[in-house]
Amino acid sequence: MERRAFKQCVYAVQEEQAALDIVQDSMMKLAEKYAQRPIEELPLLFQRIVQNTIRDHFRRTKVRSTWTTLLSNLGMGGDDEDADPLETFEVDDSANIPSSPAGQLEQSQTMAIIEEAVKALPDRQREAFMLRYWEELDVSETAKVMGCSEGSVKTHCSRATHSLAKVLKAKGITL
Amino acid sequence: MNEQEFAAKLKPWLDRAAQGVGEMQATKLKAARLRALDAYQEPVRLYGLVPTAAGTAQAIHYGIVQRALLWLPIAALLATLAIQSMGDIDDTGDIDAQLLSQELPPDAFLDQDFRSWLAKPHG
């Protein structure tokens with residue numbers, strides 16, 4: 001659980017030490033302030049605390065990624081805006097853990113590109129995508145954690161997946 | 001490919017990325033988790049009146065009845081001591097009363113010669 005939360009924070013704040021601090025703070029807040037809540041509520045509460053702590057971090061540091069700007073621009077008005085990258089995205093069904101060094105290198109490069117693409121998503125899109133598709137919360141739960149409407153969650157998720165597909169396709173990545 | 005299918009394809013990559021967290025970070029995360037678990041306690045009830053978590057006593061706000069209950073052991077102790085000291089006074093009073101009811105004057109009991117005379121066997 002904490003590793004996934006850590007990676008979420010790394011994608012968001014793009015700094016490992018800050019991400020570590022956020023996860024540590026979130027776990028302590030959960031333990032100290034929500035001990036009386038039913039145990040089944042704790043995973044959702046933890047996600048909420050993590051996201052709020054990330055936002056607090058942004059408020060404090062005012063970090064703005066150049067990647068975010070770059071990808072936002074890509075998403076906002078490319079030449080082929082009407083084309084749906086998901087429709088044309090290629091899937092490699094034989095994708096497994098490669099045994100050869102060359103295959104492993106290729107996989108680590110693919111991993112790096114995917115992680116950079118996720119980091120480059122606008123904050124709210126990344127948050128929605130991570131909660132909905134990585135943490136596998138449903139739309140309603142995601143909306144609660146994000147403090148927005150279910151419609152906004154769907155919109156953010158849709159934009160996030162399209163942006164990711166677009167970037168990965170442009171890099172020649174097949175999943 | 002739709003949105004869900006694309007996300008499903010991406011998820012294993014993200015899982016692998018999470019598993020690939022550096023050893024130092026993983027150790028720190030594990031330590032943080034243990035610290036949090038240490039701080040986390042199941043809710044307990046104090047005197048059956050106030051649900052609270054252990055380790056957060058300073059954050060508890062007691063009601064009037066609960067405050068009274070907290071003072072109860074001290075009040076009981078003070079009451080016991082008061083009753084005991086009153087008993088001592090009664091005992092002293094009894095001794096004085098017995099002394100004064102004797103035919104002999106009190107000075108007689110302070111007289112060493114009289115004590116030695118009393119101790120002698122008398123036919």
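**Exercise 1.** Describe the secondary structure of chain A in this predicted model.

*Solution.* Counting the elements of chain A gives eight helices and zero strands. Reading from the N terminus on, the order is therefore written α-α-α-α-α-α-α-α. Turning to burial, 36% of the 175 residues of chain A count as buried. Among the contacts in chain A with a separation of 6 or more, 66% join residues 24 or more positions apart.

**Exercise 2.** Work out which residues of helix 7 of chain A are buried, and where they lie around the helix axis.

*Solution.* Begin with the cut-off, by which a residue is buried if 20 or more other C-beta atoms lie within 10 Å of its own. In helix 7 of chain A, residues 139-146, the buried residues are A:Thr142, A:Ala143, A:Val145 and A:Met146. Seen down the axis of helix 7, these buried residues fall within an arc of 165°, so they line one face of the helix. As a general point, an α-helix has 3.6 residues a turn, so residues three or four places apart point the same way. The partners of the buried residues of helix 7 are helix 3 (42-61), helix 6 (123-134) and helix 8 (150-170) of chain A. After helix 7 comes A:Gly147, with a positive phi near 70°.

**Exercise 3.** Characterise the side of chain B that touches chain A.

*Solution.* In the contact between the chains, 29 residues of chain B meet 30 residues of chain A. On the chain B side, the elements giving two or more residues are helix 1 (3-19), helix 2 (23-39) and strand 2 (50-53), and helix 1 of chain B provides the largest share, eleven residues.

Technical notes
Residues numbered from 1 in each chain as written. Chains lettered and ligands numbered in written order. Predicted model: local features only at pLDDT ≥ 70, side-chain atom pairs only at ≥ 80, totals over all residues. Contact = placed C-beta atoms within 7 Å. Helix = DSSP H or I, 4+ residues; strand = E, 2+ residues; numbered from the N terminus. Buried ≥ 20, exposed ≤ 12 C-beta atoms within 10 Å, placed from the backbone. Arc of directions from axis to C-beta.
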